[in-house]
Amino acid sequence: DPQQLELVTSGKRKLRRFIVIDEVVDKLYGSKVREYFEENNVQYKILALPTTEETKSMDLVLNILQEVQNFSIDRRTEPIIAIGGGVCLDIVGLAASLYRRRTPYIRVPTTLLSYVDASVGAKNGVNFLQCKNKLGGYTPPVASFLDRSFIQSIPRRHISNGLGEILKMALMKHKGLFDLLKSHGKYLLDTKFQSCSGSADHRDAALQTTRIAIETMLEELAPNLWEDDLDRLVDFGHLISPELEMRVLPSLMHGEAVNIDMAFMTYVAHVRGLITAEEKEQIIQCMKGLELPVWHGGCSWPLIKRALMERLKHSGGQPRMPLPTGLGVA
């Protein structure tokens with residue numbers, strides 16, 4: 001931004017940044033982040049918070065806003081920076097959208113799930129009355145900085161969790177991505193999505209997989225950013241999963257709950273004659289290969305009915321159920 005550069009180089013005003021970082025990420029990378037701002041002569045405030053599905057509430061948003069007010073940022077030239085997983089990015093996005101009606105913010109995802117999902121699009125929000133993301137809005141960030149090196153420090157289960165959302169885009173829109181996951185899934189889990197030289201047979205599967213997942217997600221979201229059109233392929237896996245995820249917290253992660261929903265809907269698609277038995281089997285085997293759960297005891301028939309009724313209310317009484325009609329088409 002030329003205006004900011006002018007301010008900094010003229011020495012009239014020191015560059016200032018307010019950063020919200022997940023407390024686990026802070027333990028791993030906090031010292032590097034502080035070092036970066038100090039080397040660049042930036043006045044900063046780092047707020048390390050426990051950002052989990054259980055703490056994803058309006059209270060945490062208000063805590064952040066109190067600190068933002070104390071730091072006294074200029075909402076035109078000093079974007080808030082969010083460094084963390086999807087929950088952190090969602091909470092900070094909502095806080096930024098509320099402060100003086102709209103303050104710019106930057107997303108820095110640190111998990112695979114947030115890298116391919118929460119970093120894309122305009123949505124932000126918090127849980128309310130035991131309902132997932134019941135309060136929120138649509139305020140896109142001014143930028144998302146994607147750095148896969150963060151992903152190397154997350155547990156294997158978290159990698160698998162992120163693969164659930166990648167598989168969603170593969171099943172809905174991209175057969176090539178599905179084939180990549182089928183053939184390189186274990187390798188991606190083993191290498192934690194780091195680009196490794198010397199593995200020619202994998203041809204940087206990590207870069208290809210994340211790039212296609214993000215591009216297909218953008219293709220779906222960009223023309224329909226405010227969800228005016230309810231025919232959304234990205235809602236696959238999100239019909240039963242919000243209810244299931246909140247009901248069994250913390251035993252299922254978001255991508256795992258989404259995958260259980262997708263597995264169920266894969267069977268629905270087969271019963272309705274939309275996919276063959278072989279395609280159904282290929283999908284379920286791919287899920288298992290990515291170490292994703294395909295079922296959970298909490299996914300009872302009453303819960304499924306309740307989730308679908310909630311969905312019906314949410315979509316103005318119009319039933320919308322994205323289903324695969326093959327591998328990579330829906």
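## Domain arrangement

The C-alpha centres of domain 1 and domain 2 are 27 Å apart. In this predicted model, domain 1 covers residues 2-150 and domain 2 covers residues 156-315. Contact between the two involves 20 residues of domain 1 and 30 residues of domain 2.

## Packing of helices α10 and α11

Helix α10 spans residues 254-271 and helix α11 spans residues 277-289. Their axes come within 9 Å and cross at roughly 170 degrees. Because angles over 145 degrees count as roughly antiparallel, α10 and α11 are described as roughly antiparallel to each other.

On the α10 side, the contact is formed by N259, M262, A263, T266, Y267 and H270. The α11 side contributes A277, K280, I283, I284 and M287. By residue class, the contact of α10 with α11 comprises seven nonpolar, three polar and one charged residue.

## Cysteines

The count of disulfides in the model is zero, where a disulfide requires a pair of cysteine sulfur atoms within 2.5 Å. C131 takes part in no disulfide: its nearest cysteine sulfur belongs to C299 and is 17 Å away. C131 is partly exposed, at a relative accessible area of 27%.

C286 is likewise in no disulfide. The cysteine sulfur nearest to that of C286 is again that of C299, at 20 Å. With a relative accessible area of 5%, C286 is buried.

Notes
Residues numbered from 1 in each chain as written. Predicted model: local features only at pLDDT ≥ 70, side-chain atom pairs only at ≥ 80, totals over all residues. Heavy atoms only, no water. Buried < 20%, exposed > 50% of the residue type's maximum accessible area, 1.4 Å probe, protein only. Axes fitted to C-alpha atoms, helices over the stretch in contact; angles between N-to-C directions. Helix = DSSP H or I, 4+ residues; strand = E, 2+ residues; numbered from the N terminus. Parallel < 35°, antiparallel > 145°, perpendicular 65-115°, else oblique. Contact = heavy atoms within 4.5 Å. Nonpolar A, V, L, I, M, F, W, Y, C, P; charged D, E, K, R; others polar. Domains from an automatic or database assignment.
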